Amino acid sequence: MTDTLSSQSPDELSINTIRTLSIDAIDKANSGHPGAAMALAPLTLKMWQDYLRYDPADPHWPNRDRFVLSAGHASMLIYSMIHLAGVKRVDHDGNITDTPAISLEDVKDFRQLDSVTPGHPESHLTTGVETTTGPLGQGVATSVGMAVAGLWKRAEYGEEIFDYDVYTICGDGDMMEGVSHEAASLAGHQKLHNLLWVYDSNRITIDGSTDLAFTEDVEARFLAYGWNVHHINDANDLDEIGAALDKFKAEKEKPTFILIHSHIGYGSPNKVDTADVHGNPLGADETILTKETYGWPTDAHFLVPDGVYENFQSGIGKRGAELNAAWKERFEVAGDEVKSAAKVMLAGDLPDGWDADIPSFEAGAEIATRSASQKTLNAIAPKVSWMLSGSADLTGSASSGLTPDVSGVFEPGNRSGHGIHLGVREHESAAMSNGMALSHLRPIWSTYLIFSDYARPAIRLSALDGSPSSTGLPMIRSAWAKTDPPTSRSNSSRRSGPSPSST
Ligand SMILES: Cc1ncc(C[n+]2csc(CCOP(=O)(O)OP(=O)(O)O)c2C)c(N)n1
Ligand SMILES: [Mg+2]
């Protein structure tokens with residue numbers, strides 16, 4: 001096919017620009033993952049242009065819908081979107097600047113040291129990236145915390161102020177990772193109807209076909225978790241994509257799972273549907289053939305044809321600005337109490353007198369540190385309503401629980417509760433806390449120190465991106481020692497004594 005730019009609609013041009021920017025950036029870096037970006041460009045275009053409530057001129061607008069690319073290796077997909085949508089850069093003090101979050105030069109700097117376009121999206125580096133992804137499973141797991149935070153804020157401050165949704169894109173790798181199973185189970189139990197996962201079911205991972213290691217019925221699994229499940233059979237059909245997203249928007253009871261049956265590397269004549277296009281540059285020859293398929297000039301690189309930026313401005317740009325302006329009006333007329341509490345929460349501050357009732361403990365007092373911690377949390381909780389605390393089924397033993405009179409429980413019938421039963425799901429507990437912390441809440445969760453290994457990847461991630469999640473990790477050995485002092489025990493009696501898990 002020869003160059004057909006002039007015959008392409010603004011949406012077709014935009015889709016092919018997302019694809020070719022991704023291909024060119026990865027070719028230039030000689031590293032990256034083009035396949036999913038090429039296949040999912042129509043999905044992200046439709047999602048951002050017609051659904052995502054996001055104002056590129058005010059990227060931290062509090063009521064924005066959150067977009068999570070859990071398939072973080074497909075980072076050029078989100079970088080292309082942020083660039084083309086004209087998202088403004090927010091500096092480290094939270095000020096919106098005139099600099100683009102990602103300029104075309106930044107796209108060309110993909111995967112270079114100190115660029116804002118690293119190999120995998122990092123939320124502390126790049127405006128528009130809501131959470132750091134790359135370790136598969138973390139994005140979906142984090143999205144659950146974002147959805148919880150959204151529903152809690154809706155209940156606390158009113159749905160005129162907070163009614164945002166969470167849009168997540170994930171892939172086969174996310175579906176295989178254990179943490180996504182924990183996350184999906186908890187989200188289904190909690191009936192998080194503001195949560196969407198679109199699963200890129202292309203049946204390909206690095207090693208080849210998913211038939212090598214992943215043959216379960218994913219749809220049946222999600223139905224069993226209590227999710228609504230829909231399909232998009234043609235990943236290039238904008239109407240079919242829109243119809244599926246409409247179903248999510250109409251849903252009021254359950255989280256939504258959409259399987260999109262895409263072709264990895266769509267448009268590449270020799271690499272479509274192969275593992276080769278998952279994580280390798282297309283290379284010069286295949287790039288030419290692929291651009292021919294798209295009706296693109298084969299000698300152009302990093303081309304953004306006339307009309308593409310304008311298409312985004314008249315889509316997400318205009319829609320987002322209007323939604324944000326209407327929200328600001330609603331916020332202005334909200335009650336003073338709601339406004340001032342929400343402002344402190346959004347600024348990451350603490351209210352005056354938050355620490356007035358914190359008890360003091362004499363040095364040497366016989367009190368377990370976890371009990372002292374619980375008393376302290378219970379004294380802070382009434383002052384800091386956005387502090388939510390949960391435990392991986394050790395609410396009493398790990399003493400992280402806010403007592404019910406202070407807190408109430410966050411559950412489908414009561415979204416304003418402050419305590420959350422996380423179940424025996426340590427990895428998800430930590431990942432979910434990250435999502436809540438990235439949404440301005442002050443989450444605290446706990447398990448025994450020994451089980452922290454199950455949560456380690458998500459704890460590590462919060463350390464990297466600087467999200468203020470708190471993890472309580474009491475050492476169960478101290479409780480054991482308290483009931484049975486080591487001085488009276490020999491090694492053999494210790495072995496036959498109570499096991500740590502029984503105390
Ligand atoms: C926890 C974790 N393990 C391994 C990897 C390395 N890795 C990156 S992408 C990938 C395969 C992903 O397959 P899929 O999600 O289907 O993406 P697609 O090939 O369809 O783009 C793997 C194993 C990773 N990023 N994270
Ligand atoms: Mg795949």
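The legends below describe close-up views of a predicted model. Local features need pLDDT of at least 70 and side-chain atom pairs count only at pLDDT 80 or more, while totals for chains, interfaces and linings use all residues. Residues are numbered from 1 along each chain as its sequence is written, and chains are lettered from A and ligands numbered from 1 in the order in which they are written.

**View 1. Domain 1 and domain 2 of the protein chain.** The domain assignment gives domain 1 as 5-326 and domain 2 as 369-502; such bounds come from an automatic or database assignment. The C-alpha centres of the two domains are 33 Å apart. Domain 1 puts 29 residues into the contact and domain 2 puts in 26, where residues are in contact if their C-beta atoms, placed from the backbone, lie within 7 Å.

**View 2. The side of domain 1 that touches domain 2.** Helix H5 (138-157) and helix H7 (178-190) each supply at least two residues here. Helices (H or I, at least four residues) and strands (E, at least two) are DSSP runs numbered from the N terminus. H5 gives the largest share, 15 residues. By class, this side of domain 1 has 12 nonpolar, 11 polar and 6 charged residues (Ala, Val, Leu, Ile, Met, Phe, Trp, Tyr, Cys and Pro count as nonpolar, Asp, Glu, Lys and Arg as charged, and the others, Gly among them, as polar).

**View 3. Packing of H7 with helix H16 (residues 426-437).** The angle is about 75° and the axes are 8 Å apart; axes are lines fitted to C-alpha atoms, for helices over the stretch in contact, and angles run from 0 to 180 degrees between N-to-C directions. H7 and H16 are therefore roughly perpendicular, a term for angles of 65 to 115 degrees. Gly178, Val179, Glu182, Ala183 and Leu186 of H7 meet His427, Glu428 and Ala431 of H16. This contact has 4 nonpolar, 2 polar and 2 charged residues.

**View 4. An open sheet of 5 strands in the order E1-E4-E5-E9-E8.** The pairing is parallel, and two strands pair if DSSP finds at least two bridges between them. Strand E1 (66-69) and strand E8 (228-232) stand at the edges with a single partner strand each, so one side of each has no neighbour in the sheet. Neighbouring strands are turned by 20° against each other on average, direction ignored.

**View 5. Strands E5 (residues 195-200) and E9 (residues 256-260) with helices on the sheet.** E5 and E9 run parallel and are joined by 5 bridges. Aspartate 200 has isoleucine 260 in E9 as its bridge partner. Helix H8 (residues 218-225) packs on the sheet and touches E5, E8 and E9, its direction making about 150° with that of E8. Helix H9 (residues 238-250) also touches E5, E8 and E9, and its direction makes about 170° with that of E8.

Definitions and conventions: Two residues are in contact if their C-beta atoms, placed from the backbone, lie within 7 Å. Angles under 35 degrees count as roughly parallel, over 145 as roughly antiparallel, 65 to 115 as roughly perpendicular and the rest as oblique.
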